[in-house]
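Please look through the sequence and the model before reading on.

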Amino acid sequence: MKLVGDKVYLQSPKVADAERILVIINDQKVRPMLGIKNQPKRNLQDERKWIRRQATRRRLKEAFNLLIIEKETDKIVGMCGLHYDKYHKKADIGISIAPKFWNKKYGREAITMLLCCCFKKLELDLVIAQAYDFNDRSKSLLDALGFNHDATLRKCCLKKDGSRCSLNHFSITKEEHKSKCSDIVKEAECQQ
Ligand SMILES: CC(C)(COP(=O)(O)OP(=O)(O)OC[C@H]1O[C@@H](n2cnc3c(N)ncnc32)[C@H](O)[C@@H]1OP(=O)(O)O)[C@@H](O)C(=O)NCCC(=O)NCCS
C-alpha cells in the first residue's frame with residue numbers, strides 16, 4: 001500500500017524498518033502523548049513481531065499501519081494507521097512523528113491522506129481520534145482538519161506522579177469530510 005502526498009508518502013512497514021520505528025516509538029517526547037510513558041519500552045523483537053502481524057491484520061480487514069516517509073530524503077519520519085470496524089463503518093486513527101520533524105505539516109498531510117483513504121476507499125462513515133488534554137499540537141491539528149470535539153473523558157488516565165489527566169475524543173463524519181478532502185492523494189491503493 002502506498003499513498004503519496006506533496007511532502008510525505010505513506011507506505012507499509014517492512015521488517016528492516018523496525019530499528020527506525022523503535023527510535024520514534026520509544027522517544028521520550030512521543031511516549032507521553034501516546035499514553036505509554038509508564039509502560040516498558042519496546043524492543044527490536046517486539047517491533048519486528050508487530051510489523052509481521054500487520055500483513056495479517058490488513059488481510060483480516062482490521063487495521064493497517066503505514067510509515068510516514070519524507071519525500072525529499074526518503075527518511076522514515078513517523079508512523080500512522082487505523083483500526084477499522086467494517087460493520088459499524090468507522091475507524092480509529094493514530095499517528096506518531098519524530099520530534100525533529102514536528103511542525104513541518106507532515107502530520108497534517110498524513111492524516112489528510114488517511115482520511116481520504118477511510119472515506120473514499122474504505123467507504124467508512126466515521127473516523128475517530130483521541131488526544132490527551134496536554135497534547136496541544138494534536139488537538140490543534142485535529143481541529144484544523146475539521147474534526148469535531150465530541151467529549152472529554154474526564155481524568156480517565158493516571159500519570160506517573162499520581163495526578164490524573166483527561167482524554168479528548170474527536171470525530172469527523174463522511175459528510176463533514178466531503179467538502180474538505182483535497183486532491184492530495186495522487187496514488188491510493190487501500191486494500192479492502
Ligand atoms: C501530533 C503530531 C502528529 C503533529 O504532527 P506535525 O507534523 O507536527 O503536525 P503539523 O505540522 O501538520 O501541524 C501541527 C499544528 O499544531 C500547531 N502547533 C504546534 N505547536 C503547538 C502548540 N504548542 N500548541 C498548539 N498548537 C501547536 C501548529 O501550528 C500546526 O497547526 P497549523 O497547521 O494550523 O499551523 C506530532 O506532533 C506527533 O507525532 N506528536 C507525538 C505523538 C502524538 O501526539 N500523536 C497523536 C496522538 S493523538
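## Basis of the description

Helices (H or I, at least four residues) and strands (E, at least two) are DSSP runs, numbered from the N terminus. This is a predicted model, in which local features need pLDDT of at least 70 and side-chain atom pairs count only at pLDDT 80 or more, while totals for chains, interfaces and linings use all residues. Residues are numbered from 1 along each chain as its sequence is written.

## Overall architecture

The protein chain has 6 helices and 8 strands.

Along the principal axes, the C-alpha atoms fill a box of roughly 45 × 40 × 35 Å. A residue is buried if 20 or more other C-beta atoms, placed from the backbone, lie within 10 Å of its own; 28% of the 192 residues count as buried. Two residues are in contact if their C-beta atoms, placed from the backbone, lie within 7 Å. Of the contacts with a separation of 6 or more, 63% join residues 24 or more positions apart.

## The sheet

Two strands pair if DSSP finds at least two bridges between them. An open sheet of 8 strands has the order 1-2-3-4-5-6-8-7, with mixed pairing. Its edges are strand 1 (2-4) and strand 7 (148-158), each of which pairs on one side only. Axes are lines fitted to C-alpha atoms, for helices over the stretch in contact, and angles run from 0 to 180 degrees between N-to-C directions. From one strand to the next, the twist averages 25°.

Strand 3 is mostly covered, with 6 of its 8 residues buried. Strand 3 (residues 63-70) pairs with strand 2 (residues 8-11) in the antiparallel sense over 4 bridges; Leu10 has Ile68 as its bridge partner, and Gln11 has Leu67. Strand 3 and strand 4 are also antiparallel, over 7 bridges, and Asn65 stands opposite Gly81 in strand 4. The hairpin of these two strands has 5 residues between them, and Asp74 takes a positive phi near 60° there.

Strand 7 pairs with strand 8 in the antiparallel sense over 7 bridges, and Asn148 has Ser171 of strand 8 as its bridge partner. In their hairpin, with 5 residues between the strands, Gly162 takes a positive phi near 95°.

Helix 5 lies across strand 6 and strand 8, running at about 155° to strand 6.

## Surroundings of the ligand

A residue is near a molecule if its C-beta atom, placed from the backbone, lies within 6 Å of it. Of the 24 residues around the ligand, Met33, Gly107, Arg108, Asp136 and Ser140 come nearest. Two or more residues each are given by helix 2 (31-34), strand 5 (90-97), helix 4 (106-121), strand 6 (126-132) and helix 5 (136-144). Helix 5 gives the most, with 6 residues.

Methods:
A residue is buried if 20 or more other C-beta atoms lie within 10 Å of its own, exposed if 12 or fewer, and partly exposed in between; C-beta atoms are placed from the backbone.
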